[in-house]
Each structure stands twice: as C-alpha cells, then as structure tokens.
Amino acid sequence: MSGRTNGDESDGDATADGDATADGDATVDGDGTDTSGDGRVPPADDPDLHPESGAGSPKVVTAGHINWDVTIHVDELPERDGETRIERLEQSGGGSAANVAVGLVGLGGRSIVFGSVGGDESGALALRELASAGVDPGHVLVDAGEATSVTYVIVDGAGELLMLANEGANESYSAADLDRETLVSADHLHLTGQQPDTAAALATAAAEAGATRSFDPGRRVSDREYDAAIRASDLLFVNDREADALADATGIDPRAPDDRVVAVKHGGAGATVHTPHGDVSHPGFEVDAVDTAGAGDAFAAGFLGAILRDEAAAGDGFSHDPRDYQVPLLVANACGAIAAGTVTARTDLSWDRVRSVMGEEPEADLLIEIRA
C-alpha cells in the first residue's frame, strides 16, 4: 500500500478538512502567507527542523501495556473456513507503552516504562528487549501468577492488519505500584490504554509532581470510562474514529478543545493538531506501507520527542499556540511513515531517519489556522 501516512494504524478513510475557518478567523500556510485575504494574522515563525538540538534530553514515564508480539504476514486474509500461506513470521516486543518508550530513546530521550508482564518466558523476553533498547524496565511489575499478554498481528499484502490478543498480565499493575519519586524526577507522563482508574490516578499523581501528561486511549476509548484520565491530561492522541467516539462518550470535542491540545490522526491523510487558539495540519509523507501496527505509537514518540525539547512550548505546560506544533507534527508524521514501512510494531527511530523522510522543505505542506 503506497501513499501518505501520519503513522496512524487506522485505514484513513475519514479525514478532517484542516483548512476550514470560522467567521473572523484567518488561515496561513506553512510559509506564513495569509490565504484569507484580510492580512490580520502574523506570519508563522519559520520552524526549526532540527529539534534534537533543543534543550536537554527529556525524561518520560510511559505507562500501559507491555506485550510480546507475533507478527504474521500473509498475501491475503482467508475467508471463513479457508486457509492461507504464512509468508513471513516475526516475534518482537510490543504494547503501546513499550513501543513509545523505545521510540523516545531512539530520538535521544530517556524512558522509564511502567506496566506489568507475566512470570514466563515471553515476559522475560519483553523485559530483556526493552533493556537492550535503552529503556529502564525496573518499574515493571512481574505477575508470576499470570501469562504475559501475547498479541498476534496478521498483516495482509496491502499492509492492513488483524489483531488477536489475550489480556494476560498487562493490567495487573496499579497506580500504587509506581513510587512518587519516579514521577517527580520525570518531565512527562505518557499514558496508553489501561484500566481507567489506574490511568486517572497516574495522571493526577503526575500533575501533583509537576510533570506534563499525555494520553493515547486507543480503540477502546468508547467502552472504557476514561473521562477522568482525559480531563487530567494536557495532550491527547486519537485517530478520527476515536475522536468521534470520544465526543459521543464524554462530550469533549477533540477538534475544538477548550483547555488542552489534541493530535488527531487521519491515517493516509496526515494529522491535525487542535489547540484552543487554532490548528496546524500536515498531509503526511509518502510511504510504501508494509505493516501499520505500532505506527500510532511511533507518531506519539516522534511528537513527544520533539515538543518536550522545546522549553518555550512545553516547559511550563503545553502551549496553546498552534505554531508551536509545526515541528512536532512533522516529526510525528515522519516517525509514523517509518513505522508503516517497517515489519512489526517495534520501530527503530532516529533523527537521521526522520530527516530522510521529511526531505528538504516539509514545512511547505503545513496549513495553520489561528483563532483569537
């Protein structure tokens, strides 16, 4: 499957306009040109396309699922009672919290992963792989009475996927299992799908410790009571289907947030970052997609890896100026494209690979809307 991608694992058939403006608003394109004709919006700042030169090396706690993945590639999925040939089989670490942690390390960050695995060989393999990638797995709970969650990812010839998973031990932990000192020493807490009460308690504890918070609730956003965790988070990651489900379930409109930043992924049509003061959109990068599993995690890792190095935008809570998200959005889309072109959900990210995907002038495709 060839086309643009932002790194969302969805099919991208629902897209946001990104350039619609309300009465009295104005839109500027990536080079600062006013396209509304009234000249009221100042030019966007030229984005710094080398965010790795920003301040420090962000320390992030990622909390959520830690899995062992079995990725099976087939030419096409079989019909009911049918059979198909396995073209390729790979095993690797997985789970959204683990994937984001590894991606952040590849982009020069420091990662602590918090979650749980079973006391079995798959759990040992998952922890060993995290440690070898440079992630600190010392806060992972090992539940000896449960099996590690194993996810079977079946990918067809077009890069589309089907996932089979057991719950296993990946939600055996609770917020009480993470000491407060770990959150105090961190710059940021990134939450992924998990028990709603645990997510809410972790977000609240991180806020009290002075760390910024982000949350990627995943495909179960509509059937789990995530309202408290969402309201305690500064930054949300959702795809179009999840944004619609979130609006229906909670009354929070991800595309018109009042007091937080929301990155909405449009699959093959890129992504839009919505803030209370405006939006910034990018159509994504061309990629021959072979496996979209974990691409949304790579998107989150790229976004956080860029924004957390910008003290002006994230040093004291996340900025609500959409211009501050030009580079994080470009980096996130590039990381998603890298992941979509990689077999398995675990992706090796680096700034060199990001710049290679972005090309010479990626900012030319940015579309910015400023609202008073």
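Modeller: Buried means under 20% relative accessible area, exposed over 50%, partly exposed in between (1.4 Å probe, protein chains only). The model is predicted: local features need pLDDT of at least 70, side-chain atom pairs 80 or more, while totals for chains, interfaces and linings use all residues. Residues are numbered from 1 along each chain as its sequence is written, and side-chain values use heavy atoms, without hydrogens and water.

Colleague: What share of the chain's residues is buried?

Modeller: The chain has 372 residues. The buried share of the residues is 56%.

Colleague: What percentage of contacts join residues at least 24 apart?

Modeller: Take contacts (heavy atoms within 4.5 Å) between residues at least 6 apart in sequence. Of these, the share joining residues at least 24 apart is 72%.

Colleague: Which residue does glutamate 129 meet in a salt bridge?

Modeller: A salt bridge puts a side-chain nitrogen of Lys or Arg within 4 Å of a carboxyl oxygen of Asp or Glu. The structure holds 14 of them. Glutamate 129 has its N to O distance at 3.2 Å, and its partner is arginine 346.

Colleague: How many residues apart in sequence are the parts that this pair ties together?

Modeller: Glutamate 129 sits in helix α2 (residues 121-132). Arginine 346 is in the loop between α9 (326-340) and α10 (351-358). So the pair ties together parts whose separation in sequence is 217 residues.

Colleague: How many residues separate arginine 224 and glutamate 171?

Modeller: Their side chains meet in a salt bridge at 2.9 Å, N to O. Arginine 224 lies in the loop between β12 (212-216) and α5 (227-231), and glutamate 171 in the loop between β10 (161-165) and α3 (180-184). Both residues are buried. The pair links distant parts of the chain, with a separation of 53 residues.

Colleague: Which helix holds both aspartate 227 and arginine 231?

Modeller: These two form a salt bridge, with closest N and O atoms 2.9 Å apart. Aspartate 227 is partly exposed at 27% relative accessibility, and arginine 231 is partly exposed at 46%. They are 4 residues apart, about one turn, in helix α5.

Colleague: What is the relative accessible area of aspartate 75?

Modeller: Aspartate 75 lies in the loop between β4 (67-74) and β5 (86-94). It is exposed, because its relative accessible area is 54%.

Notes
Helix = DSSP H or I, 4+ residues; strand = E, 2+ residues; numbered from the N terminus.
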